[in-house]
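Hi everyone, thanks for coming. Let me put the structure up on the screen, and then we can walk through it together.

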Amino acid sequence: AIEAMPSFLLINPIISTLIDPISNHATTATSKVNQKIMADIEAPTKESHDGGGADTEEEAMSDAPEVDVQLARNIITRALLILDAGAATIFLASFAGFVDPAQWTLTLASSLGVSLWGVLLLLSGYAFWKNRRTNLNGLLAWTRNLSISLGLFTSLLTATLMALGAFMSCGPHWTWLGPFYHFTGFITALLCLLVWCLLPRLVRPYVSSSLEESRHTRPVRPWVAILLIFGTFVAPLCILWILAWYFTADPNLDVSEFPDFKMSPYKQPFPEGETTFAFQGNFGKFSHRYSYSYDFMRPCGSPILASRSGGVFYVEDRHDGNVWTKSDYANNYILIYHDDGEASYYHHLQQGSAMVKEGDQVEQGDPIALVGNVGRSSGPHIHFEVYYLYSNIPVSFQDVSSKVAGIPRALHFYKSGNGP
């Protein structure tokens, strides 16, 4: 049977036994040669990356976080600069209130402005210096704490008490410092809130892997930010103006009781072309509860003009001081009678400022005295009212807009047409 098999089948196992080891060795050698060739091909490429002066992959990865951290620091620095801009503006403006130390309410407001905003500037400067000496978490926490604590507190104090102190004074800068404190204070308060709410969201994308988890690195939720801004900014502002409107205005004023303003012989008692804020109107709950009268806020020393022609019946300008400095409320005023039996009163005159005497005849628009802050007065203004047969009567002004029927409303501005 074996002899009957083809000869090549007998030889094949022998050949396979001899050839296979050689073939395996050749395959292994070929594989090694191919690996060496591939290594030689890849080597120049790797050397070009390593030896051409460019950063290695490890160096690039190590440099990227440094760039991100610096960007985050720049963002925080800009936030501090925003706070500093508001702080420096109020700090420098507050020095204007020291020109007259006798006006203690203005001096107190200015002292608070210089001290509180000065401290905030110093702390902000320290934060800039600390920028290079602390980790990113510490710098972020420092900036947010500064904005939400001292920044927000000082801003709200500026917008309310400091503004009120300036309004109540008789200083030469009363006309602008009070409104400046009020509106700048609220604007700065809003900036402080925005810095506190937005800073984590602005910084975190750059250095999320470098920040330690804390309350300062967690983004503020939108509903928390809305509640915070409403509770510390919107609500105080609205409450303040609602209270001012409630105590100074009469929403139920019956316009039909007032004479036609087109036929009115009266004009507003301050110079033509000047605009004045009517702080309180008829039946204001603050101090006009039972009277038809107006309070025109005017700077001390500005002229009071005759609202209507007539004869000077009484002049009193000996007194000084107001509700902040005395208890008897002795007031200065001028009483002028008119041809139809009506009499107009001008209250809170500056001491010794009367320009007329009893018996003088005055024409509409003539200066009769200077604005003061005397008697039952919490700030410089002209208190104006008209009487007929010892009864207080409603009065309108021919130089007030027809939109309000010639009747000045509280918390609005009005331009005078009283001139020669």
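First, the ground rules. This is a predicted model, where local features need pLDDT of at least 70, side-chain atom pairs count only at pLDDT 80 or more, and totals for chains, interfaces and linings use all residues. Residues are numbered from 1 along each chain as its sequence is written, and side-chain values use heavy atoms, with hydrogens and water left out.

Let's begin with strand 9, residues 381-388. Helices (H or I, at least four residues) and strands (E, at least two) are DSSP runs numbered from the N terminus.

If you want landmarks on screen, look for F296 opposite I382, A343 opposite Y387, and V386 opposite I393.

Stay with F296 for a moment, in strand 2. F296 counts as buried because its relative accessibility is 0%. F296 and F413 are 117 residues apart in sequence, yet 9.3 Å apart in space, C-alpha to C-alpha.

Now for the largest pocket, with about 1,400 Å³ of space. Of its 47 lining residues, the closest to the centre are L164, T248, F279, M297 and S378. On method: on a 1 Å grid over the protein atoms alone, a pocket is an open set of points with protein on both sides within 12 Å along at least five of seven lines, and lining residues have an atom within 4 Å of a point. Grid points are joined across faces, edges and corners, and the volume is the space filled by probe spheres set on the points.

Where does the lining come from? Helix 4 (136-167), helix 5 (174-207), helix 6 (222-248), strand 1 (275-280), strand 2 and strand 9 each supply at least two residues.

Helix 4 has 32 residues and should span 46 Å at 1.5 Å a residue, and its end C-alpha atoms are 43 Å apart, which agrees. The expected span is 1.5 Å times one less than the number of residues. Helix 4 bends by about 40 degrees at T158, the bend being the angle between axes fitted to the seven residues ending there and the seven starting there. Helix 6 has a kink of about 40 degrees centred on F230, and its buried residues include F233 and T248.

Last, some backbone angles. Most residues other than glycine have a negative phi. H348, though not a glycine, has a positive phi of about 70 degrees; it sits in the loop between strand 6 and strand 7 (361-362).

Is H348 buried or exposed? H348 is buried, because its relative accessible area is 6%. Y390, in the loop between strand 9 and strand 10, has a positive phi of about 65 degrees, but Y390 is exposed, with a relative accessible area of 80%.

Thanks, and I'm happy to take questions.

Notes:
Pairing = 2+ DSSP bridges. 1 Å grid on protein atoms, 1.4 Å probe; cavity = no way out; pocket = protein on both sides within 12 Å on 5 of 7 lines; lining within 4 Å. Buried < 20%, exposed > 50% of the residue type's maximum accessible area, 1.4 Å probe, protein only.
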